[in-house]
Amino acid sequence: KQWYQRRVAITAGIFGDNRISTEYMGTVPEELSLQGYKNHVLSAGSNAPMTEAEKELAQVKKDEAAMRSQMSTNSATLPGLNLPATQDLLNNLEKFKKGFVNYLQIKLDTDKEELKLWDCGNIQGSELSEKIPQDEPRYHLFNFNHDFEGEKIWKVVFIYSCPGYSVPVKQRMMYSSTKSCFLDSLAKMDIEIAAKREISEGEEVKEVDVYEMIHPQKHASRAHFIKPKAPSKGGRRLIRNNN
């Protein structure tokens, strides 16, 4: 058996490696029949068994790769999509900037390829989590009014919510690619963002979470290891000489 195995490469070289398309080994006579070879080819071309969740995830990754290829450009200076905003959204961004409203929810219309206002108003920090949709992505701007070190302050947070793989690939990819350009546009409007976060559900932005986004807790520095002192040798001893 070992003698045959050692001479496989030699025999293939005699025929010419470029002439051999595949190697097939059989252990029983049935495997060396035409049907046995067809079964081998069919088995080699089939994918490994996967659960439904694994199949769905594999398809999502395949679709995302196709979307990246489709949406990529030859220019390295355009890392995202700069989509237009509706006039209604622009008007409410001005109201948000001036403090007339403290919450805006922005939707990306994938058909018209534009950003538009979906919701606006004045809310409390405890109400923010209830504003997060469970079935579609959104951008959120919230001007959080809170106490910090004895002072009443306002700070703007930006939240990108995306429920996960239940969202169509095109929609998820467009939101992700447009986010940086949208934030740049906000900066040009002098809307200063104190903190940013990406979430998948409303439970991730409770009022305490928003507070910690703006004022992250300072972790106590690790205590340095203190080398213990060497045991004391005591004072000098007197040696009595009996002589």
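## Contacts along the chain

Let's start with how the protein chain meets itself. Among contacts between residues at least 6 apart in sequence, 61% join residues at least 24 apart. Keep in mind that this is a predicted model.

The protein chain holds seven helices and five strands. Reading from the N terminus, the order of these elements is α-α-α-α-α-β-β-β-β-α-β-α.

How many of the 243 residues count as buried? The share is 31%.

## A helix with a buried face

Now take a look at helix 7, which covers residues 207–214. Its buried residues are Asp209, Val210, Met213 and Ile214. Viewed down the axis of helix 7, these buried residues fall within an arc of 135 degrees, so they line one face of the helix.

What do the buried residues of helix 7 pack against? Their partners are strand 3, strand 4 (151–161) and strand 5 (195–199).

## A closer look at strand 3

Strand 3 spans residues 138–148, and Asn143 is found in it. Is Asn143 buried or exposed? With a relative accessible area of 12%, Asn143 falls under the 20% cut-off, so Asn143 counts as buried.

Leaving out residues up to four places away in sequence, Asn143 touches Phe96, Asn102, Trp154, Lys155 and Val156.

How values were computed. Residues numbered from 1 in each chain as written. Predicted model: local features only at pLDDT ≥ 70, side-chain atom pairs only at ≥ 80, totals over all residues. Heavy atoms only, no water. Helix = DSSP H or I, 4+ residues; strand = E, 2+ residues; numbered from the N terminus. Buried < 20%, exposed > 50% of the residue type's maximum accessible area, 1.4 Å probe, protein only. Contact = heavy atoms within 4.5 Å. Arc of directions from axis to C-beta.
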